[in-house]
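The sequence and structure come first.

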Amino acid sequence: MKTRAALAAFGVGFGLWGVWLMFQALEPQALIRLPLWLGGAVIADDLFLVPITVAVGWLVTRWSIGPDHHRTVGAVRTILLYVGVTTLIAIPLLLRQGKGANPTILPRNYLRDWLLLEATIITTGLAVFLIQRSRLMFRRSRASSGDIGGR
């Protein structure tokens, strides 16, 4: 109990220190815009990301009801997780590319690089899925032929 209280006090202290640093670093106009930006992030999350996540989860769950589909749900969920995380990380770069006072800050073609990353994730995920499926088929064919236990 004492450890939990100490950790809570430590966390609150760090949070207050961060608020103090924020008030020092930002101008009053930026402090006024900050709640609008945070509210926009909450609205974007609640009205855009959550419904998409729920819909995709529901579709994957409905699809996994079929015979032997439960074996592939892990691969599909992993692919979707990595695509989603890398997309969320890339969105600021994609939106701000070449804008601002110094356009050389973001000189790369982030859209092309992001698309290549997503294609790599999907290709790797599909390769893992196909390897797992072929191993499953190989095990089934050996079991149905009476060669159980590798003898």
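Helix H2 (residues 28-63) has 36 residues and should span 52 Å at 1.5 Å a residue; its end C-alpha atoms lie 51 Å apart, so the two values agree. The expected span is 1.5 Å times one less than the number of residues in the helix. The model is a predicted one, in which local features need pLDDT of at least 70 and side-chain atom pairs count only at pLDDT 80 or more, while totals for chains, interfaces and linings use all residues. Residues are numbered from 1 along each chain as its sequence is written, and side-chain values use heavy atoms, with hydrogens and water left out.

The chain has 4 helices and 0 strands, in the order α-α-α-α along the sequence. Helices (H or I, at least four residues) and strands (E, at least two) are DSSP runs, numbered from the N terminus.

H2 has a kink of about 35 degrees centred on Asp-45. The bend at a residue is the angle between axes fitted to the seven residues ending there and the seven starting there. In H3, a kink of about 40 degrees lies at Ala-90, shortly before the proline Pro-92. H3 has 24 residues, and the distance from its first C-alpha to its last is 35 Å, close to the expected 34 Å.

The buried residues of H3 are Val-73, Ala-75, Ile-79, Thr-86 and Ala-90. Buried means under 20% relative accessible area, exposed over 50%, and partly exposed in between (1.4 Å probe, protein chains only). Ile-79 counts as buried because its relative accessible area is 15%. The C-alpha atoms of Ile-79 and Leu-126 are separated by 8.5 Å, and the two residues are 47 apart along the chain. Of the 151 residues in the chain, 11% are buried.

Rings of Phe, Tyr and Trp (its six-membered ring) pair if their centres lie within 6.5 Å; planes under 30 degrees apart count as stacked, over 60 as edge-to-face and the rest as tilted. This rule gives 2 aromatic pairs.

| Pair | Class | Centre to centre | Angle between planes |
|---|---|---|---|
| Phe-10 and Phe-14 | edge-to-face | 4.8 Å | 85 degrees |
| Phe-14 and Trp-17 | tilted | 6.0 Å | 55 degrees |

Phe-10 and Phe-14 lie in helix H1 (residues 2-25), 4 residues apart, about one turn of the helix. Phe-14 and Trp-17 are 3 residues apart in H1, so about one helical turn separates them. Together, Phe-10, Phe-14 and Trp-17 form one aromatic cluster. Phe-10 is exposed, at 54% relative accessible area. Phe-14 is partly exposed at 45%, as is Trp-17 at 46%.

## The largest pocket

On a 1 Å grid over the protein atoms alone, a pocket is an open set of points where a 1.4 Å probe fits, with protein on both sides within 12 Å along at least five of seven lines; lining residues have an atom within 4 Å of a point. Grid points are joined across faces, edges and corners, and a volume is the space filled by probe spheres set on the points.

The largest pocket has a volume of about 530 Å³. Its lining has 17 residues, of which Leu-49, Ile-52, Thr-53, Leu-80 and Gly-84 lie nearest the centre. The elements that give two or more residues to this lining are H2 and H3 (73-96). H3 supplies the largest share, 9 residues.

By class, the lining has 11 nonpolar residues (Ala, Val, Leu, Ile, Met, Phe, Trp, Tyr, Cys and Pro), 1 charged (Asp, Glu, Lys and Arg) and 5 polar (the others, Gly among them).
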